[in-house]
Amino acid sequence: MPPLRRVALIGLGLIAGSMALAMRRDGLASEITGHARSPDTRAVALEVELVDSVHETAAEAVAGADLVVLAVPVGAMAAIAQEIGPHLAPGCIVTDVGSVKQAVIDAVAPHLPAGVHFIPGHPLAGTEHSGPRAGFATLFRNRWCILTPPEVADPQAVARLRALWESMGANVDLMDAPHHDLVLAVTSHAPHLIAYTMVGVADDLRRVTDSEVIKYSAAGFRDFTRIAASDPTMWRDVFLANKAATLEILGRFTEELFALQRAIRREDGDHLHAYFTRTRAIRRGIIEAGQDVDTPDFGRSGVRDEGGAA
Ligand code: NAP
């Protein structure tokens, strides 16, 4: 497939930056333009050569682009779509990388003119770092990217976007937006909320001093803190935008938690053992699917941690 002529990245943080570096590494785009809200971010994006040019407005950045990627927090998508709508070239593909899909479709689609192809997407790859210096070209390697095209989507536009993600190292799956939101509520959104809660509880628990929490964190707490360090704006938007699915999963989580609480109180070791045996098998499945490494301590020593997708 020939390289894209001009790609416009709206938002220049972890995800857009990683896309830019991957596209540059493999010559997937002849030109990359960019826009971010703050002059600082725009300056850094130029300095670290994520993009060929930065623009003060999103409308200027998308002019003449054959692919536009919306890589801003979910809550910012509607205003951006409204701004760029009149400036999109006919035939251009608009995609996004938002962690929630139905809310983004509702926010963006009404602002796009006929003749523009809107193919929503979500790469399941990320770290707890954000901003224009956080990206790296291998972020998407062997990670999944889910596309949620509408039924009427142009197959050629879907194929082109799929090919781009595959060229950046990702495996691509298609599904409908509500299903995506439920799957992600289970695999990402509820776990993030639980991590935020666990770290918040430890912070409140004055009987354990701060220094003890930090000193003995390798006993499990440390893994929660990494997730709980994720960007507050992005995650606020994720929960507000995926409210129904997240609440459904949290309801189930609370029921399971009560069941485990009761098992501990009743000293029902068989229940606990059977439960933990089942959860261990899920971990094995993740490793067999190549989505994590089997080395002790999550392969921390010497391996760059690329987990924590939203
Ligand atoms: P990030 O590193 O925090 O970058 C966000 C970018 O959006 C920044 O360049 C920011 O500009 C810009 N921005 C924010 N509000 C804006 C506005 N109103 N107008 C214009 N630009 C604005 O975020 P990220 O991690 O790349 O996340 C971007 C999207 O990817 C989100 O929708 C998120 O849900 C999704 N996602 C994230 C992950 C993850 O793990 N991080 C994984 C998959 C998908 P300034 O710096 O100037 O504020």
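**Ligand site and a helix pair**

Ile15 places a backbone N or O atom 2.9 Å from an oxygen atom of the ligand. This is a predicted model, in which local features need pLDDT of at least 70 and side-chain atom pairs count only at pLDDT 80 or more, while totals for chains, interfaces and linings use all residues. Residues are numbered from 1 along each chain as its sequence is written, and side-chain values use heavy atoms, with hydrogens and water left out.

Stay with the ligand. A polar backbone atom of Leu14 is 2.8 Å from a ligand oxygen atom. For Gly131, a backbone N or O atom lies 2.8 Å from an oxygen atom of the ligand. In total, 30 residues surround the ligand, counted when a heavy atom lies within 4 Å of it. The closest are Arg37, Ser38, Thr41, Val72 and Ser99.

Now turn to the helices. Two packed helices are described by the angle between their axes and the distance between the axes. Helix α7 spans residues 177–204 and helix α9 residues 221–228; helices are DSSP runs (H or I, at least four residues), numbered from the N terminus. Their axes come within 8 Å and cross at roughly 115 degrees. Axes are lines fitted to C-alpha atoms over the stretch in contact, with angles from 0 to 180 degrees between N-to-C directions.

Which residues in α7 meet α9? They are His192, Ile194, Ala195, Tyr196, Met198, Val199 and Ala202. In α9, the partners are Phe221, Phe224, Thr225, Ile227 and Ala228. Contact means heavy atoms within 4.5 Å.

Last, confidence. The mean pLDDT (the predictor's confidence in each residue, from 0 to 100) is 92. It stays under 50 over residues 302–307.

Technical notes. Helices (H or I, at least four residues) and strands (E, at least two) are DSSP runs, numbered from the N terminus. A polar contact is a pair of N or O atoms within 3.5 Å; within protein, one must be able to donate a hydrogen and the other to accept it, and residues adjacent in sequence count only if both atoms are side-chain atoms.
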